[in-house]
Amino acid sequence: MKLTAQRLVELAMVNPINAELVARLPALGLDQCLLTAGCLFQAVWNHQAGLSPDWGVKDYDVFYFDTDMSWEAENEVIERASELLRDLDVNIEVKNQARVHLWYPQRFGMPYPQLHTARGGVDRYLVAGTCIALAVDTGKSMRPTAWPTPSREYFGPTPSPRSQSCSSTRPGAIRLAGHGSGLKTHALRRDGLVHGYDGCTRFSRASFS
């Protein structure tokens with residue numbers, strides 16, 4: 001599947017929740033506001049598998065960047081977002097990427113570097129095909145700064161883990177269409193071994209050397 005940035009946005013916007021988020025999030029006035037992760041790449045795989053665009057989307061991730069790293073400031077943004085988006089009736093995760101390093105080690109037991117942009121959080125996803133985001137102020141898709149982006153590596157029938165060291169990349173979930181769709185993925189174990197199989201899988205913390 002040949003995938004351009006424009007085509008990625010088109011597929012993502014077929015999901016009406018994505019379209020509503022892109023339309024409404026600018027009202028929050030958040031710096032570097034990004035819609036990212038599963039709500040975008042899942043739309044591509046769902047299109048390939050002939051499924052509805054929101055199939056398998058468990059939540060909608062919104063990143064932004066605020067140098068005020070207090071919990072109180074982030075919580076105020078979360079509450080404003082909740083009020084603005086309540087009627088969508090989906091799980092929306094809003095995170096200030098400037099303060100992830102403050103809570104990540106305690107929550108996941110792994111170190112996490114201090115980030116300097118919202119995009120830095122996207123660049124740290126474990127699987128190449130998840131390293132995408134949509135800038136809500138421009139409506140343009142963003143790809144990671146440090147990784148090549150061939151469409152087959154990103155959205156081919158076997159999405160691949162990134163080959164460099166990912167020991168401190170946050171865990172996340174990817175749901176792929178099984179049931180004869182031809183989509184496969186890799187399951188990552190904590191021992192760093194990679195095993196491929198069809199269906200739904202959770203990507204856990206792993207180290208690659």
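**View 1. Tyr104 in helix 5.** Tyr104 is counted as buried because its relative accessibility is 0%. The model shown here and in the other views is a predicted one. Helix 5 spans residues 100-108 and holds both Tyr104 and Phe108. These two residues are 4 apart in the chain, about one turn of the helix.

**View 2. The aromatic cluster that includes Tyr104.** Four residues, Trp103, Tyr104, Phe108 and Tyr112, make up one aromatic cluster. Arg124 is placed over the face of Tyr112, and its distance from the ring centre is 5.0 Å.

**View 3. The pair of Phe63 and Tyr125.** The number of aromatic pairs comes to 5. One of them joins Phe63 and Tyr125 in a tilted arrangement, with 6.2 Å from centre to centre and 40° between the planes. The pair links distant parts of the chain, as its members are 62 residues apart. Phe63 belongs to strand 2 (residues 60-64), whereas Tyr125 is in the loop between helix 6 (118-123) and strand 4 (133-135). Both Phe63 and Tyr125 are buried. Another tilted aromatic pair is that of Tyr104 and Phe108, with 4.7 Å centre to centre and 45° between the planes.

**View 4. Arg7 in helix 1.** Arg7 is found in helix 1, which covers residues 5-13. Its relative accessible area is 30%, so Arg7 counts as partly exposed. Val44 lies 37 residues from Arg7 along the chain, and the C-alpha atoms of Arg7 and Val44 are 9.3 Å apart.

Definitions and conventions:
Residues numbered from 1 in each chain as written. Predicted model: local features only at pLDDT ≥ 70, side-chain atom pairs only at ≥ 80, totals over all residues. Heavy atoms only, no water. Phe/Tyr/Trp six-rings, centres within 6.5 Å; stacked < 30°, edge-to-face > 60°. Buried < 20%, exposed > 50% of the residue type's maximum accessible area, 1.4 Å probe, protein only. Lys NZ or Arg CZ within 6 Å of the ring centre and 35° of its normal.
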